[in-house]
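Visitor: Please take one part of this chain and go through it closely. I would like to see the whole chain first, then the part in its setting.

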Amino acid sequence: MQEFKKLNPLLHSELRLAVISLLMELEEADFVYIREMTGSTAGNLSVQIDKLSAAGYIDVEKGFSGKKPRTTCRITEAGRMAFEEYVESLKSYISR
């Protein structure tokens, strides 16, 4: 009997998984783009980005584009590996 692999609870959140999935494809994206693509509120997205950053899955850079504040998120190698492990864990549930 095949064992189930444990799902990473940090990535099991719909919004955090969406953020990581976007960054897997793009490698970096700004906050506004991520918010638009996920349909999230700015406040909720900010909290989830902080959690991913604290885990070392993304790097967050805050700066300005002209006079407007701009936050850019980049996936880290740890984030890439965590996502790949999460997908492999999901496969252990699906391939039964």
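Guide: Along the sequence the protein chain runs α-β-α-α-β-β-α, which amounts to four helices and three strands. Here helices (H or I, at least four residues) and strands (E, at least two) are DSSP runs, numbered from the N terminus. The model is predicted, and local features need pLDDT of at least 70, side-chain atom pairs count only at pLDDT 80 or more, while totals for chains, interfaces and linings use all residues. Residues are numbered from 1 along each chain as its sequence is written, and side-chain values use heavy atoms, with hydrogens and water left out.

The C-alpha atoms of the protein chain fill a box of roughly 60 × 25 × 20 Å along the principal axes. Of its 96 residues, 35% count as buried; buried means under 20% relative accessible area, exposed over 50%, and partly exposed in between (1.4 Å probe, protein chains only). Taking contacts between residues at least 6 apart in sequence, 58% join residues at least 24 apart, where contact means heavy atoms within 4.5 Å.

The part to look at is helix α4, residues 77-94. Its 18 residues should span 26 Å at 1.5 Å a residue, and the end C-alpha atoms are 26 Å apart, so the two values agree. The expected span is 1.5 Å times one less than the number of residues.

The buried residues of α4 are Gly-79, Arg-80, Ala-82, Phe-83, Tyr-86, Ser-89 and Ser-92. An α-helix has 3.6 residues a turn, so residues three or four places apart point the same way.

Thr-76 sits in the loop between β3 and α4. Thr-76 counts as buried because its relative accessibility is 14%. Apart from neighbours within four places in sequence, Thr-76 is in contact with Gly-56, Tyr-57, Ile-58 and Asp-59.

Another loop, between α3 (42-54) and β2 (58-65), holds Ala-55. Ala-55 has 36% relative accessibility and therefore counts as partly exposed. Ala-55 and Ala-78 are 23 residues apart in sequence, and their C-alpha atoms are 8.8 Å apart in space.
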